[in-house]
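Work through the exercises below with the structure open beside the text. Each task is followed by a solution in steps.

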Amino acid sequence: MTMQKGLTAGKSAGPSQKVKKDYRLLIYLLPCLVLVIAFGYVPIAGWILAFLDYIPGISLKESPFVGLKYFELIVSDRNNMLRVMKNTMTFALLGYLVAPLSMIFAIALNEVKGSRLKRTIQTITTFPNFISWVIVYALAFQFFSYDGMVSNVLMDFNITDKPTSILASKNAVYAFQTCMGLWKGLGWSAVIYLAAIAGIDQEEFEAASIDGASRMQKIRYITIPSLMPTFIVLMLMQVGSFVGMGLDQYLVFYNGMVADKIETLDLYVYRATLLRSDYSYGTAIGMLKSLISIGLMFGMNGLSKKIRGNSIF
C-alpha cells in the first residue's frame, strides 16, 4: 500500500516538474518574444495608412479615409511596378541559383585536413559578412569605377581604349550584384552547413570507410543527403522573403546609369515613401509585399511537405 502511494506520488510529481521547467524556459524566451512583437507585429497597425490620405504632421483622425485609392494607384502605375518586380524576381532567381554554392563550399572546407588552414579560410570568407554595404561600395568604387584599378589595368594593356565602369553598366547589373552578394555572404552561409555536417553521425563515415568508400562517395551518399533538410529549410526562408531582396545593397549601388535595372520593390517603396513623402502609397505596396511573402512561405511549406513528407510549420 505504501509502495503504491509512493509510485502515485512519483507519477504526479513528474508533470508538475515539467510544467515548472516549461515556465522557466518561457521566462527565458520572453525578451525575444517582446522584441518580435514590438518590431514584427506592432508595426502592422501602421497598415491603416494605406487606407488614409496621410500627410506628415496631421493626426490620423484628421486624415481623410480614401479606401482602396492607393491600391488602385498601384494598378494604374503598372509599368513601374512591372519593372521593379522584374528586377526583384531576377535578383531572387539568381540568388536561388547560387544558393547551393554555400553548401558546396562548406563541404569542400570540411574536407580540408589542416585545422589551421581550415580556420584561416573560414575567417577570410566569413569576414565580409560583417562589413557594411557602404564600405563594400567604397571598395568596389576603387576597383570598378571609371578611375578604378580595373579600368586602368584594361587601358594599360590596350584591352580597352577608354575608361570603363562596371558600376555604370546596365548589362552587368544582375551578374555583378549577384556576385557581390555571394562574396559577402558565402562564408557566413556556410557556417550553418558546417554545423549540420558536425551533427552527422560519424559512425556512418566509419562504416563507409570499412566498406571501401572513397571520399567523393562519402560526400555523395552521406554528407549531401544529410544536408538536404537544412538546404530545403534555408531555401524555404529565402523564397518567403524574395520580395524583400537586399535594400541596403541596391541602395548604395544605385545610380542614374543603372536605375532601371537595380531598382527592386523594397528600393521603390523606400524612394516613394521617404524621398517623395508618399507614406500611404508606400504602405500600400509594403502591405501587398507582406501578403505575397506570406503566401509564398505557405506555398513552399506545402511543397516541402509533399516532397519530403514534413514541413517546418
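This is a predicted model: local features need pLDDT of at least 70, side-chain atom pairs count only at pLDDT 80 or more; totals for chains, interfaces and linings use all residues.

**Exercise 1: The chain as a whole**

**Exercise 2: Glu263**

Task: Decide whether Glu263 is buried or exposed, and list the polar contacts of its side chain with the side chains of Arg83 and Arg271.

Solution. Step 1: Locate Glu263 in the loop between α12 (259-262) and α13 (265-275). Step 2: Its relative accessibility is 6%, so Glu263 counts as buried, since the cut-off for buried is under 20%. Step 3: The Glu263 side chain makes a polar contact of 2.9 Å with the side chain of Arg83. A polar contact of 3.4 Å links the side chains of Glu263 and Arg271. Step 4: Set aside the neighbours within four places in sequence. The contacts of Glu263 then include Val84, Asn87, Tyr254 and Tyr268, besides the two arginines Arg83 and Arg271.

**Exercise 3: The largest nonpolar core**

Task: Say how many residues the largest nonpolar core has, and which have the most contacts inside it.

Solution. Step 1: The core has 18 residues, and Met103, Ile107, Tyr193, Leu227 and Phe231 have the most contacts inside it. Step 2: Two or more residues of this core come from each of α3 (78-98), α4 (100-110), α8 (173-198) and α10 (215-240). Step 3: Look at Phe231: leaving out residues up to four places away in sequence, it touches Ala99, Pro100, Met103 and Tyr193. Step 4: As background, nonpolar side chains in soluble globular proteins tend to be buried together.

**Exercise 4: Two helices against α8**

Task: Describe how α4 and α5 pack against α8.

Solution. Step 1: Two packed helices are described by the angle and the distance between their axes. Step 2: The axes of α4 and α8 cross at roughly 60° and come within 8 Å. This angle makes α4 oblique to α8. Residues in the contact include Met103 and Ile107 of α4, and Tyr193 and Leu194 of α8. The crossing of α4 past α8 is right-handed. Step 3: For α5 and α8 the angle is about 130° and the axes are 7 Å apart, so α5 is oblique to α8. Gln122, Thr125 and Thr126 of α5 meet Gly187, Trp188, Val191 and Leu194 of α8.

**Exercise 5: Thr125**

Task: State where Thr125 is found and which backbone oxygen its side chain reaches.

Solution. Step 1: Thr125 is in helix α5 (residues 115-126). Step 2: With a relative accessible area of 19%, Thr125 is buried. Step 3: The Thr125 side chain reaches the backbone oxygen of Gln122 at 3.2 Å. Step 4: Not counting residues up to four places away in sequence, Thr125 touches Phe105, Gly187 and Trp188.

Notes
Residues are numbered from 1 along each chain as its sequence is written. Side-chain values use heavy atoms; hydrogens and water are left out. Helices (H or I, at least four residues) and strands (E, at least two) are DSSP runs, numbered from the N terminus. Buried means under 20% relative accessible area, exposed over 50%, partly exposed in between (1.4 Å probe, protein chains only). A polar contact is a pair of N or O atoms within 3.5 Å; within protein, one must be able to donate a hydrogen and the other to accept it, and residues adjacent in sequence count only if both atoms are side-chain atoms. Contact means heavy atoms within 4.5 Å. A nonpolar core is a set of buried Ala, Val, Leu, Ile, Met, Phe, Trp, Tyr and Cys residues joined through side-chain atoms within 4.5 Å. Axes are lines fitted to C-alpha atoms, for helices over the stretch in contact, and angles run from 0 to 180 degrees between N-to-C directions. Angles under 35 degrees count as roughly parallel, over 145 as roughly antiparallel, 65 to 115 as roughly perpendicular and the rest as oblique. A crossing is left-handed if the near helix is turned anticlockwise from the far one by less than a right angle, and right-handed if clockwise.
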